[in-house]
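Have it open while you read, and go through the points in order.

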Amino acid sequence: MTTANNVYALASAALAGNRERVVSMCRIIAANEKITSALKHDIEKLLSRLPNQSSELVPADLRGLVMHVTPSLSLENVVLPAGVRSELDAFLEERTHADLIRSAGLNAPSRLLLSGPPGNGKTTLAGAIAGHLGIPFLVVDFSAVLSSYMGETGSKLAKLFRGVSTQPCVLFVDEMDTVLSERSNPRGTDVGEISRVVSTLLLEIDRLPDNVVLIGATNHAEMLDRAVVRRFEHHWQLPALDRDGLRNWLHAFARRVPSVPVIGQADMLLQEADGVSVSELERRAEAWCRRWIVRNGVEVTTSP
Ligand SMILES: Nc1ncnc2c1ncn2[C@@H]1O[C@H](COP(=O)(O)OP(=O)(O)OP(=O)(O)O)[C@@H](O)[C@H]1O
Ligand SMILES: [Mg+2]
């Protein structure tokens with residue numbers, strides 16, 4: 001819910017002619033409203049008319065290290081293990097009541113760690129959460145942070161975290177294990193540099209306001225520095241889906257391409273699919289759809 005403080009901050013920014021702050025207050029107000037709120041809807045409509053909206057979300061000196069990405073799928077189309085789905089529902093419900101939780105002196109839950117083998121939905125889920133919450137999806141390129149600024153990685157990380165935290169957003173840090181492994185030493189980086197990066201990251205995670213939803217992802221949770229893992233309130237594993245999960249995914253996929261009869265090919269596509277990733281099944285399903293479209297000369301409609 002919009003608080004008196006937010007209205008006051010918006011009015012002060014507008015009267016001072018601080019356009020950037022006005023835009024950022026509008027985003028904060030919209031993000032704090034319920035999903036069903038007419039005010040949220042109207043403000044988001046105003047924001048969507050802004051020119052160059054995506055580049056404004058990332059401060060100029062951080063571009064290249066963090067990107068504003070449009071989520072590829074809506075939450076209904078992400079297939080999740082039952083346990084993760086129910087924890088996700090509880091998480092989203094708490095985010096929707098963030099103000100209520102804060103008014104009781106607690107923080108809204110804001111840190112998720114996703115782990116699992118490649119191609120099973122970590123990035124997709126993070127984006128869908130941002131889309132569902134109606135806040136920007138900002139993706140950190142961790143390897144760029146590390147490789148471009150050898151020796152000053154810590155200060156770049158601090159700048160990055162502080163730069164993005166002026167607005168509600170999902171901050172997605174992928175491939176956390178490349179830098180935060182307890183054992184690895186990426187790209188010949190010296191041990192001192194790694195431990196500086198880890199300490200800076202811990203400090204910055206602790207400092208992040210809870211309007212930023214931090215989502216970390218890794219293929220190897222067991223390799224992560226344990227102090228980093230502890231910072232996350234939830235740790236959800238997204239393993240390769242079983243046969244039923246893959247079939248559910250195929251149904252969700254078929255809804256996205258309603259004019260192609262892909263569901264009739266479910267058995268064929270699921271043959272020898274045990275243990276394959278969703279992205280591999282997606283590749284097979286898309287290949288079949290492409291061939292069908294070309295053969296039948298059909299104009300296809302899709303939905304996200
Ligand atoms: N659980 C899922 N539900 C719906 N679509 C999925 C799921 N998992 C994967 N996909 C599809 O597969 C593609 C790859 O998934 P995604 O990039 O999210 O995997 P990832 O776990 O982040 O992989 P990586 O570890 O390589 O980064 C996406 O484009 C998405 O369409
Ligand atoms: Mg990914």
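1. Let me begin with helix H9, which is mostly covered, with 9 of its 12 residues buried. Buried here means under 20% relative accessible area, with exposed over 50% and partly exposed in between (1.4 Å probe, protein chains only). The buried set is Thr153, Gly154, Lys156, Leu157, Ala158, Leu160, Phe161, Gly163 and Val164. H9 covers residues 153-164 and reaches 16 Å from its first C-alpha to its last, close to the 16 Å expected at 1.5 Å a residue; that expected span is 1.5 Å times one less than the number of residues. Helices (H or I, at least four residues) and strands (E, at least two) are DSSP runs, numbered from the N terminus.

2. A word on ground rules. This is a predicted model, where local features need pLDDT of at least 70 and side-chain atom pairs count only at pLDDT 80 or more, while totals for chains, interfaces and linings use all residues. Residues are numbered from 1 along each chain as its sequence is written, chains are lettered from A and ligands numbered from 1 in the order in which they are written, and side-chain values use heavy atoms, leaving out hydrogens and water.

3. Now the ligand. What are the distances from oxygen atoms of ligand 1 to side-chain N or O atoms? For threonine 123 the distance is 2.8 Å, for asparagine 219 it is 2.9 Å, and for glutamate 282 it is 2.7 Å. Taken alone, ligand 1 exposes 630 Å², and the protein buries 81% of that (Shrake-Rupley areas, 1.4 Å probe; for residues, only the protein chains shown count as cover).

4. Helix H7 (122-133) and helix H15 (278-296) each give at least two residues to the shell around ligand 1.

5. Have a look at the aromatics too: the structure holds 3 aromatic pairs. Rings of Phe, Tyr and Trp (its six-membered ring) pair if their centres lie within 6.5 Å; planes under 30 degrees apart count as stacked, over 60 as edge-to-face and the rest as tilted. Phenylalanine 91 and tryptophan 236 are edge-to-face, because their ring centres are 6.2 Å apart and their planes sit at 90 degrees. Phenylalanine 91 is in helix H5 (residues 82-96) and tryptophan 236 in strand E6 (residues 234-237), so this pair ties together parts 145 residues apart in sequence.

6. Tryptophan 249 and phenylalanine 253 form a stacked pair, 5.1 Å centre to centre with 25 degrees between the planes. Both lie in helix H13 (residues 243-256), 4 residues apart, about one turn of the helix.

Conventions: A polar contact is a pair of N or O atoms within 3.5 Å; within protein, one must be able to donate a hydrogen and the other to accept it, and residues adjacent in sequence count only if both atoms are side-chain atoms.
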